[in-house]
Amino acid sequence: MSYNLEEIYHQFKTEGRFESGAPFGSGHIHDTFRIVTAESNSDDYILQRLNNKIFKNIPELQNNIERVTKHLNRKISAIPGSEVKRECLTLIPSIDGKSWIRDNNGDFWRMYIFISDHRSYNIVDTPGKAYEGGKAIGRFQAMLADLPGEPLFETIPFFHDIEKRLETFNSKLEEDPAGRAAKVADETGFVHRRAEEMKIILRLGGEGKIPVRITHNDTKFNNILLDRNDKALCVIDLDTVMPGYVHYDFGDAIRTAANIAAEDEKELSKVRMDISLFEAYSEGYLSETRDILNSVEKDYLAFAPRLITFIIALRFLTDYIDGDNYFKIHHEHHNLQRARAQFRLVESMEEQYGEMREIVRKLVLGTGC
Ligand code: ADP
Ligand code: GN1
Ligand code: MG
């Protein structure tokens, strides 16, 4: 599908002449383009065609992002030496003053300032980068803790709710719309053997032992931009910022920051959680949140990567059974390949769970490892 990016560009209050637009990044949800402007002193932009099959209420979604970016902007601006246009996403208003437009096909588009000279990683290769990622997410949660006003709109209800994800999986398995259920018998067994133990975070929430906070909910490492020196710069992809448990952010970040292989690695023997990357991320994260989290939240941090990796594997597998309607895929069995790699990662975390717990315990006490 090709779009007239220049025409869409002119529906926003931009500075600079449109020079070119091309697909950018490796997100699985929206169609993302980088717009280059002609003048060297004008910002470039990120233009996104929003996935409104997944996000069913774009005006409410955008309202969340307006509130969140305004709040972050105010906090970051108050920090001496900060560069707010690089450390926080900046939405560009449309000509009629909204933060999105709708084109003639009914598609929704939004625009951000392009954060130039950043580094984005799908795989993390040094503890230093993992540490910075942890700091970025910790700071993000801390800065949003006092967001004023109503609770944020739930852009995807039950997003990390393991009970609902299991229900959907089981019903798709039974329905078998793409005739693939028989092919995934091994993976189905893997899911059912672990289903009960995965419910612990939800249970702790239900018992009031861990609070609902404002969380990002999609802390895949490529949603954390680093600067040219690989220091924490900006947390992006704010579509799922909404009420959640801190475990969801911690878990998803470890899933991507500490996996030494690609999310969709075909060669399963290459998939492994690296404990030193886990430790570095945890150290960065706890340096910002040690004084905020309660003791039960801290006790269950080490479990969180097992939960979130399991949930995301389950979502890839469910999408595979469903005939690939959710995640962008690049070949026929891509979602199955992703699911298998993520299940292998769950096993690697299980193998190292004792060590993970010990690392978090020491970091929580501030005694280091
Ligand atoms: P998706 O939900 O599809 O992952 P994202 O909002 O994460 O969409 O955007 C996709 C990619 O585009 C990101 O991983 C990142 O590489 C890039 N990107 C998004 N926003 C910006 C920005 N403001 N500046 C620079 N790069 C960006
Ligand atoms: C999607 O948007 P992106 O590509 O950063 C997905 C996440 C998954 C991730 C798996 C809204 O993230 O939940 O963890 O793919 N986002 C949404 O790579 O479903
Ligand atoms: Mg993304």
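Helix axes are lines fitted to C-alpha atoms over the stretch in contact, and the angle between two of them runs from 0 to 180 degrees between N-to-C directions. The model examined here is predicted.

**Exercise 1. Describe how H6 and H11 pack, and state which residues meet.**

Step 1. Locate the helices: H6 covers residues 185–194, and H11 covers residues 304–322.

Step 2. Examine the geometry. The axes of H6 and H11 are 11 Å apart and form an angle of about 145°. The crossing of H6 with H11 is left-handed.

Step 3. List the residues in contact. H6 contributes Glu 187, Phe 190, Val 191 and Arg 194, which meet Phe 310, Leu 314 and Leu 317 of H11.

Step 4. Classify them. The contact of H6 with H11 comprises 5 nonpolar residues, no polar ones and 2 charged ones.

**Exercise 2. Characterise the surroundings of ligand 1 and its polar contacts.**

Step 1. Identify the shell. Ligand 1 is surrounded by 18 residues, and the closest are His 30, Gln 48, Ile 113, Ile 115 and Asp 237.

Step 2. Relate the shell to secondary structure. At least two of its residues come from strand S3 (45–49), and at least two from strand S5 (108–113).

Step 3. Sort the shell by residue class: 9 are nonpolar, 8 are polar and 1 is charged.

Step 4. Find pairs of N or O atoms within 3.5 Å. A polar backbone atom of Ile 113 is 3.0 Å from a nitrogen atom of ligand 1. A polar backbone atom of Asn 222 is 3.4 Å from an oxygen atom of the ligand. The side chain of Asn 223 has an N or O atom 3.0 Å from an oxygen atom of ligand 1.

Step 5. Ligand 1 taken alone exposes 540 Å², of which the protein buries 97%.

**Exercise 3. Carry out the corresponding analysis for ligand 2.**

Step 1. Identify the shell. There are 17 residues around ligand 2, and the closest are His 28, Lys 220, Glu 263, Arg 315 and Tyr 326.

Step 2. Relate the shell to secondary structure. Helix H11 supplies the largest share, 3 residues.

Step 3. Sort the shell: 7 residues are nonpolar, 4 polar and 6 charged.

Step 4. Find the polar contacts. An oxygen atom of ligand 2 lies 2.7 Å from a backbone N or O atom of His 28. Polar side-chain atoms of Asn 223 and of Asp 237 each lie 3.0 Å from an oxygen atom of ligand 2.

Technical notes. Residues numbered from 1 in each chain as written. Chains lettered and ligands numbered in written order. Predicted model: local features only at pLDDT ≥ 70, side-chain atom pairs only at ≥ 80, totals over all residues. Heavy atoms only, no water. Near = heavy atom within 4 Å. Polar contact = N/O pair within 3.5 Å; in protein donor to acceptor, adjacent residues only side chain to side chain. Areas by Shrake-Rupley, 256 points an atom, 1.4 Å probe, with all protein chains shown as cover. Helix = DSSP H or I, 4+ residues; strand = E, 2+ residues; numbered from the N terminus. Nonpolar A, V, L, I, M, F, W, Y, C, P; charged D, E, K, R; others polar. Left-handed = near helix turned anticlockwise from the far one by under 90°. Contact = heavy atoms within 4.5 Å.
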